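Hi,

Here is the structure I promised to pass on to you.

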Amino acid sequence: MELYDIIFYLVALMVVVSAAIVVGSKNIVRAAYSLLFTFLGVAGIYILLGADFIGVTQLMVYVGGILILLLFGIMLTNKVYSVDIRRENAYIIPSIVIVGIFAAFLIFVMTETNWVTADPTFPNTTVFELGKTLLVHYSIIFEILAIVLLIALIGAATLARNDNKER
Amino acid sequence: MAHVGLTHFLILSAILFSLGIYAIVVRKNAIMVMMGIELVLNSANINFIAFSHFGNYGISGQIVSLVVIILAAAEAAVALAIVLNLFKTYSHINVDEVNKLKE
C-alpha cells in the first residue's frame, strides 16, 4: 500500500462522510459547512488525478464562490428569530430504497465494465497545456462561456433586484 | 484494498452521484436541493477527469470539467436569485408547495 493509495482512501472517506452529512443533516447551516469539506475533498481528488489547475479552480469557484452564495441564500431565506424553520424531508423510505438500488446498479456497472486504460502520466504542470488547448482548439467554447457567464450574472442581478421604485 | 485505479475513482463518483440524487429527491428546502445539484455536478467532474487521466486522452477531459464548473457557477447565481424571489412571494422556500413564480 503506497502513500498515494492511503491519501486516496483518506480523501475519499472525507468526501463520502461529509456528503452524507450534507444529505442527512437536519440543520441547514451544518449541511452548508459540511459541503465545504466535500468540495475540499473533491479538489484533493482532482489533484490526485494530476489536474492541478482544475483543483485550484474548484477551490476558488466552489469554496470561494458557490458556497458563499449558498450561505447568503440560507441566511436571507431563513427566519432567524422564528423557531419554526421548515426543513423536514419527504418520502424518506421509498427514496432510500430506490436510490440504493440505483447506486448498486451504478457501482455494478462501474466495476464490471472492462475499461480500456493506459498508464497514467503525471505532468509537472497542466497550466501551459490547458491554456494552449483552450485557446487553440476550444476558443469558440471559451468565448461562448464568457457570454453565458455575463448573461447569467446580469439575469441574476435583474431577478434579485428590489424594485420598490416602480410601485 | 487493491492498488488505486480507475475503478476506485468511478465508484467514489457513483456514491457521490447517488447521494446528490437522494438530496434532490428528498429535500424540501430549495437551497438543500441546490446542494444536491452541486454534488451531482462534482461527481460528473470526477468522472471526466478520471477518464482523462487514465485513458491517456490528453487534456480535453479537464476542459470539459472547466466548462462544467463555470456553468455551475452561473446556475448557482440564477437559482439563488429565483429562490430569493420565491421567498419574497411565499415567505418560505419549500419546493413542494411552490407552484407560481409570482402573484
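A:Phe142 has a relative accessible area of 38%, so it counts as partly exposed. Its place is in helix H6 of chain A. Apart from neighbours within four places in sequence, A:Phe142 is in contact with A:Leu134 and A:Leu135. Please keep in mind throughout that this is a predicted model.

At a relative accessible area of 6%, A:Thr77 is buried. This residue lies in helix H3 of chain A, and its side chain reaches the backbone oxygen of A:Gly73 at 2.6 Å. If you set aside residues up to four places away in sequence, A:Thr77 touches B:Ile31, B:Val83, B:Leu84, B:Phe87 and B:Ile93.

That brings me to the interface. In chain A, 82 residues are in contact with 72 residues of chain B. Interface size is often quoted as the accessible area that is lost when the parts come together. Here the two chains, A and B, bury about 7000 Å² between them, with 76% of it on carbon and sulfur atoms. On the side of chain A that touches chain B, the elements giving two or more residues are helix H1 (3-24), helix H2 (28-48), helix H3 (52-77), helix H4 (92-112), helix H5 (127-136) and helix H6 (139-160) of chain A. H3(A) gives the most to that side, with 13 residues. By residue class, the side of chain A that touches chain B divides into 56 nonpolar, 17 polar and nine charged.

What about polar links between the two chains? There are 10 residue pairs in polar contact between chain A and chain B, counting pairs with both residues at pLDDT 80 or more.

B:Lys28 forms a salt bridge with B:Asp96, and the closest N and O atoms are 3.7 Å apart. B:Lys28 sits in the loop between helix H1 (6-26) and helix H2 (30-54) of chain B, while B:Asp96 is in the segment after helix H3 (60-90) of chain B, so the pair ties together parts that are 68 residues apart in sequence. B:Lys28 counts as buried at 16% relative accessibility, whereas B:Asp96 counts as partly exposed at 46%.

Now to the helices of chain B. With 25 residues, H2(B) reaches 37 Å from its first C-alpha to its last, close to the 36 Å expected at 1.5 Å a residue. Of those 25 residues, 20 are buried, so H2(B) is largely enclosed by the rest of the structure. At the start of H2(B), a side-chain oxygen of B:Asn29 comes to within 3.0 Å of the backbone nitrogen of B:Ile31. Just after H2(B), B:Asn56 takes a positive phi of about 60°.

H3(B) can be checked in a similar way. Its 31 residues should span 45 Å at 1.5 Å a residue, and the end C-alpha atoms are 44 Å apart, which agrees. The residue that follows H3(B) is B:Ser91, whose phi is positive, near 65°.

One is B:Phe51, which lies in helix H2 of chain B and counts as partly exposed at 26% relative accessibility. Not counting residues up to four places away in sequence, B:Phe51 touches A:Trp115, B:Leu6, B:Leu10, B:Asn56 and B:Tyr57. B:Phe51 and B:Gly61 are 10 residues apart in sequence, and their C-alpha atoms are 7.3 Å apart in space.

The other is B:Ser13, found in helix H1 of chain B. With a relative accessible area of 3%, B:Ser13 is buried. Its side chain is joined to that of B:Asn47 by a polar contact of 2.9 Å. Leaving out residues up to four places away in sequence, B:Ser13 touches B:Ser43, B:Ile46 and B:Asn47.

Best wishes

Notes
Residues numbered from 1 in each chain as written. Chains lettered and ligands numbered in written order. Predicted model: local features only at pLDDT ≥ 70, side-chain atom pairs only at ≥ 80, totals over all residues. Heavy atoms only, no water. Contact = heavy atoms within 4.5 Å. Buried area = accessible area lost by both parts, 1.4 Å probe. Polar contact = N/O pair within 3.5 Å; in protein donor to acceptor, adjacent residues only side chain to side chain. Helix = DSSP H or I, 4+ residues; strand = E, 2+ residues; numbered from the N terminus. Nonpolar A, V, L, I, M, F, W, Y, C, P; charged D, E, K, R; others polar. Buried < 20%, exposed > 50% of the residue type's maximum accessible area, 1.4 Å probe, protein only. Salt bridge = Lys/Arg side-chain N within 4 Å of Asp/Glu carboxyl O. Expected span 1.5 Å × (residues − 1).
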